[in-house]
Amino acid sequence: MMKHTARTLCATATLLWALLIPATAPFQAALAQGLGKPTVTLARPKLVTQARAKQQPSTSPPPVASKQKELPPRTPFTAAEDAASTIAGIPEARFWADSESDFQRALPAPGPWLVLSSGGEDGAFGAGLLAGLTAAGNRPDYAVVTGVSTGALMAPFAFAGPRYDDALRKAYTEVSAADIFEAGSSTGESFVNSWPLKELIAKQITPELMADIAAAHRSGRRLFVVTTNLDAERSVVWNMGAIAAHGGEDAIKLFRDVLLASAAVPGAFPPVLIDVEANGKRFQEMHADGGIGGQFFVAPAALMATTSDYRLPATQLYIVVNTGLERDFKVVDRFAPSILTQAVGAAVKVDTRMMLSLSYAVAKRSGVGFNAATIPASFNAPSQGAFDPKYMGLLFRTGYEQGRGATPFSAEPPPYPSGPSRQPSHIEKTGANQ
């Protein structure tokens with residue numbers, strides 16, 4: 001019974017992992033270890049202490065697993081306390097994503113909005129698109145920038161403006177999986193350890209960038225990043241400009257922690273505990289991937305509903321989808337990670353298309369121009385593994401060329417595919433189309 005429960009938990013984490021990281025070779029290898037599949041080959045020696053060749057049958061007894069370090073217990077708190085919780089000293093730092101009144105109070109004067117979706121390494125597309133828009137002289141100062149998961153990681157650079165285009169390019173073309181996570185280093189809360197990503201965020205979110213974000217916030221613009229409060233099962237919108245404007249070491253730590261949390265797929269990456277207080281009591285909330293609540297964020301769900309008459313206070317709505325939307329054919333292995341990642345990959349594409357259709361309807365209802373940029377269906381470059389720099393470089397270039405072209409955005413959501421799924425021309429599927 002205990003073995004069955006452990007395998008079920010691993011499979012559940014695999015499902016969530018697919019929201020951020022495609023099922024490339026290192027990913028499936030790590031999952032195979034967690035699910036107990038005996039034969040594993042890792043493609044990236046940097047990801048583990050020692051890369052191992054495919055094991056041959058042996059009469060030697062299997063190694064004894066090291067004892068997991070016990071994590072300290074959490075301070076208990078109630079739903080009412082969590083609902084009333086705030087960030088000490090920065091009460092304007094966040095609001096619940098389902099709070100219509102808080103959302104509307106946080107908004108600036110009308111202007112163009114930029115919405116950045118989830119997508120893991122495929123964020124290279126969005127990074128390239130923004131650089132291409134800059135090169136073409138067609139990039140406005142967005143009044144609102146929102147980001148979820150990988151979109152959250154690029155959102156500060158997009159918000160701060162074109163002077164950070166090179167930093168954004170490097171973040172999506174000069175990193176590898178070893179800069180994002182360490183496999184073979186379970187934390188007790190996840191399959192892998194995300195300390196490399198934490199360090200990368202710390203290097204990228206500099207005091208200079210914080211100062212520029214704070215200045216933009218004081219001018220009336222808004223930067224929103226979404227995480228999921230796992231304790232409450234509710235999405236949280238973080239007012240990152242307000243955090244930056246507060247200043248100080250506590251603010252920069254919180255800013256970095258929110259970015260790490262927004263990309264923390266439960267079970268795959270460890271969650272992030274964030275200090276809060278309510279009625280004089282201090283405790284920690286558990287935050288994880290913002291993509292759990294939706295692939296991108298425009299407004300609270302009730303305001304997006306077809307039954308609502310809410311009108312977006314924007315002049316243009318720009319949505320950048322960092323996820324391939326084309327259906328790919330694959331004969332799926334009879335192995336849980338392969339089955340789950342193929343199923344979730346298909347579900348994410350459907351969910352993203354539905355969100356695009358809903359956003360299109362809201363924009364039309366609001367009299368706002370709708371603009372969607374998606375990875376071209378023709379992009380089918382091979383990937384050698386998770387966060388392959390060569391693959392990301394090609395995708396960045398694709399986004400760049402689209403951004404500086406005559407039609408970087410479409411005025412309608414991409415058409416739904418019909419007919420047979422396409423057959424990839426190479427052995428390993430691309431990250432964009434996982």
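In this predicted model, the axes of helix α9 (residues 207-218) and helix α11 (residues 249-262) come within 12 Å and cross at roughly 90°. Axes here are lines fitted to C-alpha atoms, for helices over the stretch in contact, and angles run from 0 to 180 degrees between N-to-C directions. On the α9 side, Pro207, Met210 and Ile213 meet Ala251, Ile252 and Phe255 of α11, with contact meaning heavy atoms within 4.5 Å. By class, these residues divide into six nonpolar, no polar and no charged; Ala, Val, Leu, Ile, Met, Phe, Trp, Tyr, Cys and Pro count as nonpolar, Asp, Glu, Lys and Arg as charged, and the others, Gly among them, as polar. An α-helix has 3.6 residues a turn, so residues three or four places apart point the same way.

Helix α11 also packs with α8 (195-204). The axes of α8 and α11 come within 10 Å and cross at roughly 135°, and the two helices are therefore oblique to each other. The crossing of α8 over α11 is right-handed; a crossing is left-handed if the near helix is turned anticlockwise from the far one by less than a right angle, and right-handed if clockwise. Here Leu197, Lys198, Ile201 and Ala202 of α8 meet Arg256, Leu259 and Leu260 of α11. This contact has five nonpolar, no polar and two charged residues.

Within α11, Leu254 is buried at a relative accessible area of 7%, where buried means under 20%, exposed over 50% and partly exposed in between, for a 1.4 Å probe and protein chains only. Not counting residues up to four places away in sequence, Leu254 touches Ile87, Ile90, Ala93, Trp238, Ile243 and Ile274. From Leu254 to Ala93 the separation is 161 residues in sequence and 9.4 Å in space, C-alpha to C-alpha.

Leu254 and Leu197 both belong to the residues with the most contacts inside the largest nonpolar core, which has 82 residues; Leu114, Trp238, Met240, Phe255 and Leu259 are the others listed. A nonpolar core is a set of buried Ala, Val, Leu, Ile, Met, Phe, Trp, Tyr and Cys residues joined through side-chain atoms within 4.5 Å. Leaving aside its neighbours within four places in sequence, Leu197 is in contact with Leu153, Asp179, Ile180, Leu260, Ala263 and Phe269. A second, separate core of 32 residues includes Phe95, Trp113, Leu317 and Ala363.

Turning to helix α7 (residues 165-173), Asp165, Leu168, Ala171, Tyr172 and Thr173 are buried. The buried residues of α7 pack against α5 (123-136), α6 (150-160), α8 and α14 (389-403). For α6 and α7, the packing angle is about 155° and the axes are 9 Å apart, which makes α6 roughly antiparallel to α7. Thr150, Leu153, Met154 and Phe157 of α6 form this contact with Ala167, Leu168 and Tyr172 of α7. Its residues comprise six nonpolar, one polar and no charged. As with α8 and α11, the passage of α6 past α7 is a right-handed crossing.

Glu233, in the loop between β4 (222-229) and β5 (234-239), has a positive phi of about 55° although it is not a glycine. Asn279, in the loop between β6 (272-278) and β7 (281-288), likewise has a positive phi of about 55° without being a glycine. Glu233 is exposed, with a relative accessible area of 72%, and Asn279 is exposed at 75%. By contrast, Ala386, in the loop between β9 (369-374) and α14, is buried at 0% relative accessibility. Ala386 and Ser176 are 210 residues apart in sequence and 7.6 Å apart in space, C-alpha to C-alpha.

Overall, the protein has 14 helices and nine strands, taken as DSSP runs (helices H or I, at least four residues; strands E, at least two) numbered from the N terminus. Of its 434 residues, 54% count as buried. Among contacts between residues at least 6 apart in sequence, 79% join residues at least 24 apart.

Residues are numbered from 1 along each chain as its sequence is written, and side-chain values use heavy atoms, with hydrogens and water left out. Since the model is predicted, local features need pLDDT of at least 70 and side-chain atom pairs count only at pLDDT 80 or more, while totals for chains, interfaces and linings use all residues.

Methods. Angles under 35 degrees count as roughly parallel, over 145 as roughly antiparallel, 65 to 115 as roughly perpendicular and the rest as oblique.
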